[in-house]
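Welcome, and thanks for taking a look. Here is a short briefing on charged side chains.

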Amino acid sequence: MSNISKDTSSLLNNAWLAGFSDADSNFYIRTTEKKFNSNTGKWSKSRYSCRFVLEQRKIEPKFLQPTEPFMKQIAETFNVNLLTSKHNNTPKEYWHINISSRTTVKKLIKYFEDFPLMGSKYLDSLDFKTVNELIEKNAHLTEEGQLTIRDIKNKMNKVRKE
């Protein structure tokens with residue numbers, strides 16, 4: 001029997017979530033351009049937003065253990081819903097956490113300032129933070145701000161070269 005006790009501290013007070021996120025999360029920047037709909041004769045709104053997604057198989061494949069307890073804890077920590085998803089028409093089911101409201105994004109950014117990610121995901125988190133700051137300052141409503149956000153988005157995640 002082990003003398004190691006389970007860590008029951010808040011996820012926001014330790015680095016566990018940062019390590020977990022390094023492996024199984026993604027930062028997304030949404031950029032939807034204003035378009036004219038010829039059927040309705042109306043313009044759609046342009047939209048700019050930040051979204052963080054964390055996914056995990058419902059059953060951990062190596063040890064066949066359920067992942068719901070800790071995924072539920074993460075969802076509760078950020079006051080978001082724990083959703084399910086499937087990939088590519090396979091029977092594999094995933095828990096899915098989507099952090100996108102301004103309040104939860106700010107809480108997430110604060111967490112990653114306290115417990116930074118590593119490697120290219122760290123750089124993605126910095127870009128995510130920059131875009132969120134631009135949106136908070138309403139820079140996304142200007143043409144210059146929109147160009148800046150699109151430029152940042154186009155250099156993130158799998159296309160990152162620097």
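Predicted model: local features only at pLDDT ≥ 70, side-chain atom pairs only at ≥ 80, totals over all residues.

Residues are numbered from 1 along each chain as its sequence is written, and side-chain values use heavy atoms, with hydrogens and water left out.

**Salt bridges**
- Nine salt bridges turn up in a search of the whole structure (a side-chain nitrogen of Lys or Arg within 4 Å of a carboxyl oxygen of Asp or Glu).
- Asp-124 and Arg-160 pair in one of them, at 2.8 Å from N to O.
- That pair links distant parts of the chain, with Asp-124 in helix 4 (residues 119–136) and Arg-160 in the segment after helix 5 (143–153), 36 residues apart; helices are DSSP runs of H or I, at least four residues, and strands are runs of E, at least two, numbered from the N terminus.
- Arg-160 also forms a salt bridge with Asp-127, where the closest N and O atoms are 2.5 Å apart.
- Both Asp-124 and Arg-160 are buried, as is Asp-127 (buried means under 20% relative accessible area, exposed over 50%, partly exposed in between, with a 1.4 Å probe and protein chains only).
- Lys-155 and Asp-151 form another salt bridge, their closest N and O atoms 3.4 Å apart.
- Lys-155 counts as partly exposed because its relative accessibility is 47%.

**Strand 4**
- Arg-51 lies in strand 4 (residues 47–57).
- With 32% relative accessibility, Arg-51 counts as partly exposed.
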